Amino acid sequence: MMSGPCSIESETQLRTIAKTVKQSGAHILRGGAYKPRTSPYAFQGLKEEGLKILRKIGDEFDLLVVTEIPSADLLPLFEEYVDIIQVGARNMQNFNLMKALGKSTKPILLKRGLSATIEEWLMSAEYIMSGGNEQVIMCERGIRTFEKYTRNTLDISSVLAIKELSHLPIIVDPSHAAGRWSMIEKLSLAGLAVGADGLIVEIHHEPEHALSDGAQSLKPKKYLQMVDRLKELSDLLGKDFR
Ligand code: PEP
Ligand code: MN
């Protein structure tokens, strides 16, 4: 389980949320420092300051940290501060970045592109692995379809496809798939049921004031309730919830 806010907004904000992450029994804290927003006028993240806050709070709570890298030139900074490097959906086919990550010592969380086929997504993983870094985790985060009710369409079958076609672990991101907090618990359960190796979920103590993705962020109480359900299902499936 990876959980935390969409964006790191301040040290106080991240500490507040990290308490809940720790309480849930999760081991990995997420939080965006460099935010690839659709509009250039939207909050772009705290950048390097955000990375420092993430590292500090991760260490404070003994949590691993995962965050998105926007471009290859920032790799040295990410090597210093981050445990798992996330590739955002919009960057999945940035092949210069994929090649650079092939030289990284860190595991890479590779999100599926907005309109990427499974083959294209696996080819991006190949770019990283052929460079020498075989620590790739795939992440299904919903794809763009004609449907507008949800932000994207969670392609639950891609979990099965990745399992059939590769040896790579795959996790599900129900938050960016649905775009609605009310759907996160059920989609997370579905992800686990279909065989996903993990989940990445956005949470926030005050989603109505979040600087990004508040509508899809779970409040602490709901998140902790969801984790109880996920633990029950993990037990049934004979999996270890961490
Ligand atoms: C995120 O994880 O906050 C994010 C921007 O995700 P995606 O790249 O899947 O849109
Ligand atoms: Mn987000």
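Rings of Phe, Tyr and Trp (its six-membered ring) pair if their centres lie within 6.5 Å; planes under 30 degrees apart count as stacked, over 60 as edge-to-face and the rest as tilted. The structure holds 2 aromatic pairs by this criterion, and the tour starts with them.

The model is predicted, and local features need pLDDT of at least 70, side-chain atom pairs count only at pLDDT 80 or more, while totals for chains, interfaces and linings use all residues. Residues are numbered from 1 along each chain as its sequence is written, chains are lettered from A and ligands numbered from 1 in the order in which they are written, and side-chain values use heavy atoms, with hydrogens and water left out.

**Stop 1: Y34 and F78**

Select Y34 and F78. Their rings form a tilted aromatic pair, 5.8 Å centre to centre, with 40° between the planes. The pair links distant parts of the chain, 44 residues apart: Y34 is in the loop between β2 (28-30) and α2 (48-61), and F78 is in helix α3 (residues 75-81). Helices (H or I, at least four residues) and strands (E, at least two) are DSSP runs, numbered from the N terminus.

Are these two residues buried or exposed? Buried means under 20% relative accessible area, exposed over 50%, and partly exposed in between (1.4 Å probe, protein chains only). Y34 is buried at 10%, and F78 is buried at 0%.

**Stop 2: F95 and Y127**

Next, select F95 and Y127. The ring centres of F95 and Y127 are 4.5 Å apart and the planes are at 25°, so this pair is stacked. F95 belongs to helix α4 (residues 95-101) and Y127 to helix α5, so the pair ties together parts that are 32 residues apart in sequence. F95 is partly exposed, with a relative accessible area of 30%; Y127 is also partly exposed, at 32%.

**Stop 3: α5 against α6**

Helix α5 (residues 118-130) packs on helix α6 (residues 157-165) at an angle of about 55°, with the axes 11 Å apart. That angle makes α5 oblique to α6. Axes are lines fitted to C-alpha atoms, for helices over the stretch in contact, and angles run from 0 to 180 degrees between N-to-C directions. Angles under 35 degrees count as roughly parallel, over 145 as roughly antiparallel, 65 to 115 as roughly perpendicular and the rest as oblique.

To see the contact (heavy atoms within 4.5 Å), show I118, W121 and L122 in α5, which meet S158, A161, I162 and L165 in α6. By class, the contact of α5 with α6 has 6 nonpolar, 1 polar and no charged residues. Ala, Val, Leu, Ile, Met, Phe, Trp, Tyr, Cys and Pro count as nonpolar, Asp, Glu, Lys and Arg as charged, and the others, Gly among them, as polar.

**Stop 4: α1 against α9**

Now select helix α1 (residues 11-24) and α9. Their axes come within 10 Å and cross at roughly 20°. The two helices are therefore roughly parallel to each other, and α1 passes α9 in a right-handed crossing. On the α1 side, the contact is made by T20, V21, Q23 and S24; on the α9 side, by P220, Y223, L224, V227 and K231. The contact of α1 with α9 has 5 nonpolar, 3 polar and 1 charged residues.

**Stop 5: H204**

Select H204, in the loop between β8 (198-202) and α9 (220-237). H204 counts as buried, at 4% relative accessibility. Which residues does H204 contact, leaving aside its neighbours within four places in sequence? They are P5, E9, Q13, I17, A210, S217, L218, K219 and P220. For a distance check, pick L233: its C-alpha atom is separated from that of H204 by 24 Å, and the two residues are 29 residues apart along the chain.

**Stop 6**

Select K47, in the loop between β2 and α2. Phi of K47 is near 55°, a positive value in a residue other than glycine, and K47 is partly exposed at 39%. Then select D62, in the loop between α2 and β3 (64-68). D62 also has a positive phi, near 55°, without being a glycine; D62 is exposed, with a relative accessible area of 61%.

Finish at Y41, in the loop between β2 and α2. Y41 is exposed, at 77%. Y41 and Y81 are 40 residues apart in sequence and 27 Å apart in space, C-alpha to C-alpha.

Key
A crossing is left-handed if the near helix is turned anticlockwise from the far one by less than a right angle, and right-handed if clockwise.
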